Structures are given as C-alpha cells and as structure tokens.
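Work through the following exercises with the sequence and the 3D model side by side. Each task is followed by a solution that goes step by step.

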Amino acid sequence: MDIEVLRTFVAIAGAGQFQAAADELGISQQAVSKRMAALERHLDVTLLVRTSRGSRLSLDGQVFLPHAKKVLAAVVQAEQAVRPGSRPLRVDVLHRRISPAQAVYRFYRSHPGTGLDAVTLGEENAVQAAHAVLEGTVDASFRALSADQVPAGISTERLLDAPLELLVGPCHPLAGAHRVRPADLAGHRIWIPGIRPGTEWAAFYRSLSEAFGLSIDALGPHFGDEALMDALADSSSLATLVGSGDRYLWPETHDLRRIPLHDPTPVYPHVLMFREGDRHPVLTALRDHLRTAGPRTPHDVWTPDWVDGRPADR
C-alpha cells in the first residue's frame, strides 16, 4: 500500500474537501481523486461519501482512519530513528579496560548527555569488526588493521596510538627500571594470555616479537585479568605488556610496576573505522575530540609496517 495514498486519505478526512487536501499536500485535485480511487479499489470498499459540500467518511472510512494514522505515525518514527543524531552512536571499543574505552569515556565526560553506546565485539577480529560496521551492527570500531583489510564502503582514521608499557612484579629483574628499551626484553618471557590466532592483536605481537627478538606467548588458559596480576606478583621472571592508557587494578600488596618502553616506543595503533559518508554528529564530535585531546604520539614510535594510516597530528 502506497504511503502517499494513505497520507492523502488522512488529509481528506481532516479537511473534508479534495481541493483543500490537494492544497495541503501540494498536488492537484485530479491527483487526489486518482489516489483515493486507487485506495478504494485496493480495499474494495467505499471510504468517502461525496456530497455537494465536499466529502465525509463512510462507516468503513471511519473504521479505517485510525489505522491509517497509526501507519503514518510509525513511518515518521522509523524515519526519525535512522536520521543522523536521532539515536545514540554505537561504538565498539573491543575491551572495556583498554585505551579506546578510556578515550571514549573521556569524550563522554567532556560532552555530558551525548547519545553514546559503547559495546565490545571482543570475539570478532578486525575484518569481522569492519563488516559489522559496514552492516550497521555498530557505527564505528577501534582496530589495528592493514589497508588491504578495509572493505569498500569503510573509511578509516588512525586516531589513538597507545604506547606499550612493561608490567612486572617487584621481584622481576627489570622492576627497578624507570624506562626499558624493547631490545632489553630479549630473553625475558612475556606472557599475554588471550591472544587468539587470526586476530589483529596476534599479528601485532608477532610483528613486535620479530622486530626485536622477543619471546611473547599466550600459553596456558586465560583465567582473567585478576589471575594475570596474581601471577605477575608471584613471579620473578614473568612479564606482560599493557597500553599506557589501559586501566588495570590490583591489590596494593602486589606492588606491580608499569615501566614505559622507549628507543623506540612500540605503540598499538587503534584505527577508527566508520561507514563512508556517515553524518552522525556524535561521530564527528568524537573524531574531532580524539584529534585534539587524545594522547600525543611519541617521537620515536614503532608500529608494524602493515598498519593502515598515519597517526593524527596533534
């Protein structure tokens, strides 16, 4: 059923005359007559009784009118639901403890009342997340990916570089260092549980290992962040890597140490993916915020050569 035909019927019911309805809709009286004739043929009933003074609703017309109004109201609601800015921006931050989640939270704190919905597609790799953006499951996603992984219809912007830090317990040989070079980590076991084959973070840590001769593994089951912190606190040889903006908590008695890496500084490059031409005002505001208020990228940055895009200038 043509929505414009329903709109015409409701206009006639309100105005009581074909010409008045035509004026309201900006069409000719002849077009109004054709639309009403088509609607009555489709329903096989008489909706309007023509009189010398105009038109009035028949009994069937009176029954049909409230349903027609509900349909038109539903159409208006559907249109409003997908107009840019009419619904919250849905952003995949991958994991709620890491830099993207913290950056999006800071954006929300600086823009109170903004329509924003942070989700975690932690089971999807970068390619799957890109297709989730393309299909509209989410509006944007933070990922590290190569240019050949970006499907048609997706735009990317590298907006958040997270410098890596070494996290160790108090008995680790490097626990007293103020800064550490990646080359100094050679020979130390770096345990990052939860790395899954086929994910972009697996590719990132493989590139990091090859570049600096490191031993990075994900051996054993992953019992969660708390278990990882417990293991680090009890070990004199175990270490892990975290982003400088990642938010991890542990008991004070663990006395864990976060040690920045430098010369060069490996950064995890979070690229924001979004649909080409997306005009959602919150997406525009988020991108502007990250360009100006995001952490500065170190001068001695290292990233894998397959990473898409350059860091944003700040």
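**Exercise 1.** Decide whether Phe18 counts as buried or exposed in this predicted model, and find its contacts.

*Solution.* Begin by locating Phe18, whose place is in helix α2, residues 18-25. Its relative accessibility is 11%, and buried means under 20%, so Phe18 counts as buried. Next, look for the residues it touches, leaving out those up to four places away in sequence: Phe18 touches Ile12, Gln29, Val32, Ser33, Met36, Leu48, Arg50 and Ser55. Finally, compare sequence with space: Phe18 and Arg291 are 273 residues apart in sequence, and their C-alpha atoms are 56 Å apart.

**Exercise 2.** Work out how helix α1 is placed against helix α3, and which residues meet there.

*Solution.* First take the geometry: α1 (residues 3-15) and α3 (residues 29-43) pack at an angle of about 110°, and their axes are 9 Å apart. Angles of 65 to 115 degrees count as roughly perpendicular, so α1 is roughly perpendicular to α3. Then list the partners, where Glu4, Val5, Thr8, Phe9 and Ile12 from α1 meet Val32, Arg35, Met36 and Leu39 from α3. Sorted by class, the residues of this contact are six nonpolar, one polar and two charged.

**Exercise 3.** Describe in the same way the packing of helix α5 with helix α9.

*Solution.* Helix α5 covers residues 99-110 and helix α9 covers residues 281-293; they pack at an angle of about 110°, with axes 10 Å apart. It follows that α5 and α9 are roughly perpendicular to each other. On the α5 side, Ala103, Arg106, Phe107 and Ser110 take part, and they meet Val282, Ala285, Leu286, His289 and Leu290 of α9. The contact holds six nonpolar, two polar and one charged residues.

**Exercise 4.** Find the residues that line the largest pocket, and say which element gives the most to the lining.

*Solution.* Start with the volume of the largest pocket, which is about 650 Å³. Its lining consists of 28 residues, and those nearest the centre are His95, Ile98, Ile192, Trp201 and Tyr248. Two or more lining residues come from each of β6 (154-168), α7 (200-212), α8 (225-234), β9 (238-243) and β11 (265-275). Of the elements, β9 gives the most, with four residues. By class, the lining divides into 16 nonpolar, eight polar and four charged residues.

**Exercise 5.** Is Glu157 buried or exposed, and what does Glu157 touch?

*Solution.* Glu157 lies in strand β6, and because its relative accessibility is 17%, it counts as buried. Apart from residues up to four places away in sequence, Glu157 touches His270, Val271, Leu272, Phe274, Arg287 and Arg291.

Terms used: Residues are numbered from 1 along each chain as its sequence is written. This is a predicted model: local features need pLDDT of at least 70, side-chain atom pairs count only at pLDDT 80 or more; totals for chains, interfaces and linings use all residues. Side-chain values use heavy atoms; hydrogens and water are left out. Axes are lines fitted to C-alpha atoms, for helices over the stretch in contact, and angles run from 0 to 180 degrees between N-to-C directions. Angles under 35 degrees count as roughly parallel, over 145 as roughly antiparallel, 65 to 115 as roughly perpendicular and the rest as oblique. Contact means heavy atoms within 4.5 Å. Ala, Val, Leu, Ile, Met, Phe, Trp, Tyr, Cys and Pro count as nonpolar, Asp, Glu, Lys and Arg as charged, and the others, Gly among them, as polar. On a 1 Å grid over the protein atoms alone, a cavity is a set of points where a 1.4 Å probe fits but cannot get out, and a pocket is an open set with protein on both sides within 12 Å along at least five of seven lines; lining residues have an atom within 4 Å of a point. Grid points are joined across faces, edges and corners, and a volume is the space filled by probe spheres set on the points. Buried means under 20% relative accessible area, exposed over 50%, partly exposed in between (1.4 Å probe, protein chains only).
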